[in-house]
Structures are given as structure tokens and as C-alpha cells.
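I opened this notebook to keep track of what I looked up in one structure. The entries follow the order in which I checked things.

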Amino acid sequence: MHRGKNPPPSDAVAPCEFYRVAGHVDDAGKAAKYERLADEIMLALEREFRTDIAKTKSYELGFVLNSATGHLPDPSEVDTPIVYGDYYFIEANLNKLKLKQ
């Protein structure tokens with residue numbers, strides 16, 4: 001996981017897929033490992049980047065995560081909310097719920 005101030009949207013993609021994989025592997029130990037990794041990433045995103053915590057303009061515009069990096073080498077979409085970052089964050093939460101059913 002990116003450890004800088006601005007996480008890339010891929011920080012939300014990883015737990016999204018980790019939860020999905022955890023639901024498909026036969027090995028309970030591997031499934032638990034994938035779920036634990038996803039939980040750690042999601043907790044970091046929830047604690048540091050949710051718009052409802054800081055009540056920034058991103059919150060007023062309806063974004064879930066207030067900071068992301070879309071393309072750092074360019075640099076474009078840096079330290080800004082990105083809709084596909086929100087999409088993967090929400091999908092990760094849905095995949096976690098599916099995993100627990």
C-alpha cells in the first residue's frame with residue numbers, strides 16, 4: 001500500500017480484489033490472509049481519507065474519499081477526489097459484506 005499522503009485509487013482496488021479472492025480460495029488460511037490484508041488497507045483509507053471526517057469541499061461534492069492520485073508521473077489527478085477511487089472503495093465494502101454472508 002502506498003504510504004504517502006496521497007493514496008492512489010489502487011489502494012481501494014487492492015482490498016476490493018482481496019475480499020473477492022478470499023471468497024474463492026479453498027484454503028482457509030489463505031482466505032484469512034487476503035481478508036486481513038484487505039481489512040488493514042480499508043481501515044487506513046477509512047481513518048485517513050473519508051470526506052465526512054474533514055468535511056471538505058470534496059464532502060459537499062459527494063465524494064467518499066477526499067484524496068487520491070490518479071497519475072503521479074504526469075502529474076495529473078494528484079491530491080484530489082477521484083470517482084473511480086470511490087467506486088472501488090464502495091465495491092470493496094460490498095465484497096466484504098458478501099464474504100460474510
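What share of the 101 residues in the protein chain is buried? I found that buried residues make up 32% of them. I note here that the model is a predicted one.

**Entry: overall build**

I went through the secondary structure next. The protein chain has five helices and two strands. Read from the N terminus, the order of the elements is α-α-α-α-β-β-α. I then looked up the radius of gyration, which is 14 Å, close to the 13 Å that the globule rule gives for 101 residues, so the protein chain is as compact as a globular protein of that length. Along the principal axes, the C-alpha atoms fill a box of roughly 45 × 30 × 20 Å.

**Entry: surface and charge**

For charge, I listed 13 positive and 16 negative side chains. The centres of these two sets lie 4 Å apart.

Side chains of opposite charge can pair when their charged atoms come close. How many salt bridges does the count come to? The count comes to six, and I followed up some of them below.

**Entry: a pair within one helix**

I began with R20, which forms a salt bridge with E17. The closest N and O atoms of this pair are 2.9 Å apart. Both residues belong to helix α1, which covers residues 10–22. They are three residues apart there, so about one helical turn separates R20 from E17. I looked up the exposure of each partner. R20 counts as partly exposed because its relative accessibility is 32%. E17 is also partly exposed, its relative accessible area being 30%.

Where is E35 placed? I located E35 in helix α2, residues 28–49. Is E35 buried or exposed? At 14% relative accessibility, E35 counts as buried, because the limit for that is under 20%. Leaving out residues up to four places away in sequence, E35 touches Y19, A22, K96, L99 and K100.

One of these contacts, K100, forms a salt bridge with E35, and the closest N and O atoms are 2.8 Å apart. This pair links distant parts of the chain, with E35 in helix α2 and K100 in helix α5 (residues 83–100), 65 residues apart.

I then turned to D39, which forms a salt bridge with K96. Their closest N and O atoms are 2.9 Å apart. This pair too links distant parts of the chain: D39 sits in helix α2 and K96 in helix α5, 57 residues apart. D39 counts as partly exposed, because its relative accessible area is 29%.

Which residues are linked with E35 in a network of salt bridges? I noted D39, K96 and K100 as the residues linked with E35 in that network. K96 had already come up among the residues that E35 touches.

Note on methods:
Residues are numbered from 1 along each chain as its sequence is written. This is a predicted model: local features need pLDDT of at least 70, side-chain atom pairs count only at pLDDT 80 or more; totals for chains, interfaces and linings use all residues. Side-chain values use heavy atoms; hydrogens and water are left out. Helices (H or I, at least four residues) and strands (E, at least two) are DSSP runs, numbered from the N terminus. Buried means under 20% relative accessible area, exposed over 50%, partly exposed in between (1.4 Å probe, protein chains only). Contact means heavy atoms within 4.5 Å. The radius of gyration is taken over C-alpha atoms; the globule rule is 2.2 Å times the number of residues to the power 0.38. Lys and Arg count as positive and Asp and Glu as negative; His and the chain ends are not counted. The place of a charge is taken as NZ of Lys, CZ of Arg, CG of Asp or CD of Glu. A salt bridge is a side-chain nitrogen of Lys or Arg within 4 Å of a carboxyl oxygen of Asp or Glu.
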